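This report covers the strands, aromatic contacts, salt bridges and surface of one protein model. The sequence and structure come first.

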Amino acid sequence: EAYFNFYVPIGGVVWANSFRGGLQESLSKKTDGENTSGIPSVRVFSLGGLSTLRGFSGNQRDKQVVPNYELDIATSDAEYLPVKGKSQYGLIKTEFRIPLVSSLQLALFYDGGAVFVEDVDQADPYRDNWGFGFRFETPVGPISADFAFLLDRKRNVGPSNSVTEDPFQFHFSIGSF
């Protein structure tokens, strides 16, 4: 995995950016009967949540980019089943932090990224969201409240074609990316 973060001051506004990417592959060629080694499904890259794509909750593995049902994993008991092949991802986060009053800032942001898992068919791997939030500077770090909206909300997905993604997410945190 690689991260590159940078911040550009433009007058009183700060333009914060984060670029991330990663590649993983199991190097083991060991086989045990019908089971072939691979990346444990719980370790396959996924995007979703406050630190990656804020338009997803990130709380459950089926509410992220490359959810369990796309990995053909139906239960939480199967989280360590191996996924054969490579897993890779790319992510961009960009945010304008605009001062309002005293220690309060308005943040306008865009997040976009994709995860690719070898031998997993994904119709639309690139997912993105936009949003706004507020940052309040305190002595222990910034307090953030973000409202994120999916730009490409999917309907009728999941193992039974009955899942509709939430149109927006709310995230609260202490700290920043």
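Which residues form one aromatic cluster? The cluster is formed by Trp-130, Phe-132, Phe-134, Phe-147, Phe-149, Phe-168 and Phe-170.

## Basis of the model

The model is predicted: local features need pLDDT of at least 70, side-chain atom pairs count only at pLDDT 80 or more, and totals for chains, interfaces and linings use all residues. Residues are numbered from 1 along each chain as its sequence is written, and side-chain values use heavy atoms, with hydrogens and water left out.

## Secondary structure and burial

The protein has zero helices and 11 strands; helices (H or I, at least four residues) and strands (E, at least two) are DSSP runs, numbered from the N terminus. The order of elements from the N terminus on is β-β-β-β-β-β-β-β-β-β-β. Of the 177 residues in the protein, 40% are buried. Buried means under 20% relative accessible area, exposed means over 50%, and partly exposed lies in between (1.4 Å probe, protein chains only).

## Strand pairing

Strand β1 (residues 2–10) pairs with β2 in the antiparallel sense over nine bridges; two strands count as paired if DSSP finds at least two bridges between them. Within this pairing, Val-8 has Trp-15 in β2 as its bridge partner. The two strands form a hairpin with two residues between them, and Gly-11 in the turn has a positive phi of about 65 degrees.

Strand β2 is also joined to β7, by 12 bridges, and these strands run antiparallel. Here the bridge partner of Leu-23 is Gln-88 in β7.

## Aromatic pairs

The whole structure contains 11 aromatic pairs. Rings of Phe, Tyr and Trp (its six-membered ring) pair if their centres lie within 6.5 Å; planes under 30 degrees apart count as stacked, over 60 as edge-to-face and the rest as tilted. One of the pairs is Trp-15 with Phe-96, which is stacked, at 5.7 Å centre to centre and 5 degrees between the planes. Trp-15 lies in strand β2 (residues 13–25) and Phe-96 in strand β7 (residues 86–101), so this pair ties together parts that are 81 residues apart in sequence. Trp-15 is partly exposed at 29% relative accessible area, and Phe-96 is partly exposed at 34%.

Phe-147 and Phe-170 form a tilted pair, because their ring centres are 5.0 Å apart and their planes stand at 50 degrees. This pair links distant parts of the chain, with Phe-147 in strand β10 (residues 141–150) and Phe-170 in strand β11 (residues 168–174), 23 residues apart. The relative accessible area of Phe-147 is 27%, which makes this residue partly exposed; Phe-170 is partly exposed at 43%.

## Salt bridges

Side chains of opposite charge can pair when their charged atoms come close. The count of salt bridges comes to eight, where a salt bridge is a side-chain nitrogen of Lys or Arg within 4 Å of a carboxyl oxygen of Asp or Glu. Glu-95 and Arg-54 meet in one of these, at 2.9 Å, N to O. Glu-95 is in strand β7 and Arg-54 in the loop between β5 (39–40) and β6 (82–83), 41 residues apart. Glu-95 is buried at 0% relative accessible area, and Arg-54 is buried at 1%. Arg-54 also lies over the face of Phe-109, at 3.7 Å from the ring centre; a charge sits over a ring if NZ of Lys or CZ of Arg is within 6 Å of the ring centre and within 35 degrees of the ring normal.

Arg-135 forms a salt bridge with Asp-146, with the closest N and O atoms 2.6 Å apart. Arg-135 belongs to strand β9 and Asp-146 to strand β10, 11 residues apart. Arg-135 is buried at 4% relative accessible area, as is Asp-146 at 1%. Salt bridges that share partners join Arg-54, Glu-95, Arg-97, Asp-111, Arg-135 and Asp-146 into one network.

## Surface patch

Val-140, Phe-170, Phe-172 and Ile-174 form a nonpolar patch on the surface, with about 470 Å² of accessible area together. Patches are made of residues with over 30% relative accessible area and no salt bridge: like charges are joined within 9 Å, nonpolar side chains (Val, Leu, Ile, Met, Phe, Trp, Tyr) within 5 Å. Accessible areas come from the Shrake-Rupley method with a 1.4 Å probe; for residues, only the protein chains shown count as cover.
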